[in-house]
Amino acid sequence: MQLLARNAKNAQSLGKKIMNVAQLVCKLNLQSRVESALAANGKSGLPARAAALPVHRSHALKRLGSYVARGEEPVAIRLQFAVEEEVLIDTFLHELAHCLDHLLNQPGKRYRSAHGRGWKHWAESFGIDPVRCGESATLKRLHAERLKVVAVCKRCGFELKRLKRLPRNRRYLHPKCGGRLVPVREC
Ligand SMILES: [Zn+2]
Ligand SMILES: [Zn+2]
């Protein structure tokens with residue numbers, strides 16, 4: 001607990017704008033949850049490199065978060081913050097489990113078997129479901145709202161909605177009525 005608080009304070013006093021893992025642990029009130037998971041594994045606190053790992057905001061609409069490593073070096077955790085708080089917490093702990101799996105189970109090595117036994121162990125220690133991907137209703141809605149009409153059926157008027165335009169050099173049929181889907185032109 002003390003180590004976390006000190007790391008968070010240091011980063012603030014240095015005037016860093018980027019949030020780090022230790023700060024987000026405090027912000028989300030996860031100190032005791034993280035500390036007890038570490039204690040259960042014989043650790044007195046987060047490894048310094050995990051505590052100082054930057055947390056970047058992601059704007060991905062399909063991905064809740066990711067752990068980024070370059071070779072043997074942890075680089076950052078990326079999180080989509082526009083989600084329900086419990087989803088944010090689960091995702092953060094999911095990515096932190098990757099970081100600890102990397103630093104403690106595979107030290108000095110390129111990070112491998114991302115959802116293997118070592119990761120599962122940390123995920124379970126944090127009390128989160130050791131599943132690959134989480135889901136968020138908020139993110140689904142955001143994703144849906146960004147859909148645009150990309151084509152209209154010539155026969156029945158059905159509007160095909162997608163995130164991205166259809167590739168141009170192909171013809172598409174509306175499966176329901178067999179009519180031709182005419183791409184909507186971008187202006
Ligand atoms: Zn993962
Ligand atoms: Zn149709």
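Gly127 is exposed, since 11 other C-beta atoms lie within 10 Å of its own, and the cut-off for exposure is 12 or fewer. The model is a predicted one. Gly127 belongs to the loop that runs between α6 and α7 (137–145). Although Gly127 and Ala37 are 90 residues apart along the chain, their C-alpha atoms are separated by 8.4 Å.

**Overall composition**

- The protein chain contains seven helices and eight strands.
- Of the 187 residues in the protein chain, 27% are buried.
- Counting contacts between residues at least 6 apart in sequence, 53% join residues that are at least 24 apart.

**The mixed sheet**

- One open sheet is built from four strands in the order β1-β2-β4-β3, and its pairing is mixed.
- At the edges of this sheet are β1 (19–20) and β3 (65–70), each of which pairs on one side only.
- Helix α5 (residues 85–105) packs on this sheet and touches β3 and β4. The direction of α5 makes an angle of about 20° with that of β3.
- Within the sheet, β2 (residues 54–58) and β4 (residues 73–80) are parallel partners, joined over four bridges.
- His56 has Arg78, in β4, as its bridge partner.

- Helix α5 consists of 21 residues, and the distance from its first C-alpha to its last is 29 Å. This is close to the 30 Å expected at 1.5 Å a residue.
- Because 15 of its 21 residues are buried, α5 is largely enclosed by the rest of the structure.
- The largest nonpolar core holds 31 residues, and those touching the most other members are Val21, Ala50, Ile77, Ala97 and Cys99.
- Two or more residues of this core come from each of α2 (21–27), α3 (31–40), α4 (48–51), β4, α5 and α6 (117–125).
- Helix α5 provides the largest share of this core, with eight residues.
- In soluble globular proteins, nonpolar side chains tend to be buried together.
- Cys99 has contacts with Ala50, Leu53, Tyr67, Pro74 and Ile77, when neighbours within four places in sequence are left aside. Of these partners, Ala50 and Ile77 are also listed among the core residues that touch the most other members.

**The antiparallel sheet**

- A further open sheet has four strands in the order β6-β5-β8-β7, with antiparallel pairing.
- Strands β6 (159–162) and β7 (172–173) are at the edges and have a single partner strand each, so one side of each is left without a neighbour in the sheet.
- Three bridges link β5 (residues 148–153) to β8 (residues 180–183) in the antiparallel sense. Ala151 has Pro183, in β8, as its bridge partner.
- Strands β7 and β8 also run antiparallel and are joined by two bridges. Here Leu173 stands opposite Arg180 of β8.
- The hairpin of β7 and β8 has six residues between the strands, and Gly178 in this hairpin adopts a positive phi near 80°.

- Most residues other than glycine have a negative phi.
- Asn29 is a residue other than glycine with a positive phi, near 55°. Its place is in the loop between α2 and α3. Asn29 is exposed, because 9 other C-beta atoms lie within 10 Å.
- Ser113, likewise not a glycine, has a positive phi near 40°. Ser113 is found in the loop between α5 and α6. With 11 other C-beta atoms within 10 Å, Ser113 is exposed.

Technical notes
Residues are numbered from 1 along each chain as its sequence is written. Chains are lettered from A and ligands numbered from 1 in the order in which they are written. This is a predicted model: local features need pLDDT of at least 70, side-chain atom pairs count only at pLDDT 80 or more; totals for chains, interfaces and linings use all residues. Two strands pair if DSSP finds at least two bridges between them. Two residues are in contact if their C-beta atoms, placed from the backbone, lie within 7 Å. Axes are lines fitted to C-alpha atoms, for helices over the stretch in contact, and angles run from 0 to 180 degrees between N-to-C directions. The expected span of a helix is 1.5 Å times one less than its number of residues. A residue is buried if 20 or more other C-beta atoms lie within 10 Å of its own, exposed if 12 or fewer, and partly exposed in between; C-beta atoms are placed from the backbone. A nonpolar core is a set of buried Ala, Val, Leu, Ile, Met, Phe, Trp, Tyr and Cys residues joined through C-beta atoms within 7 Å.
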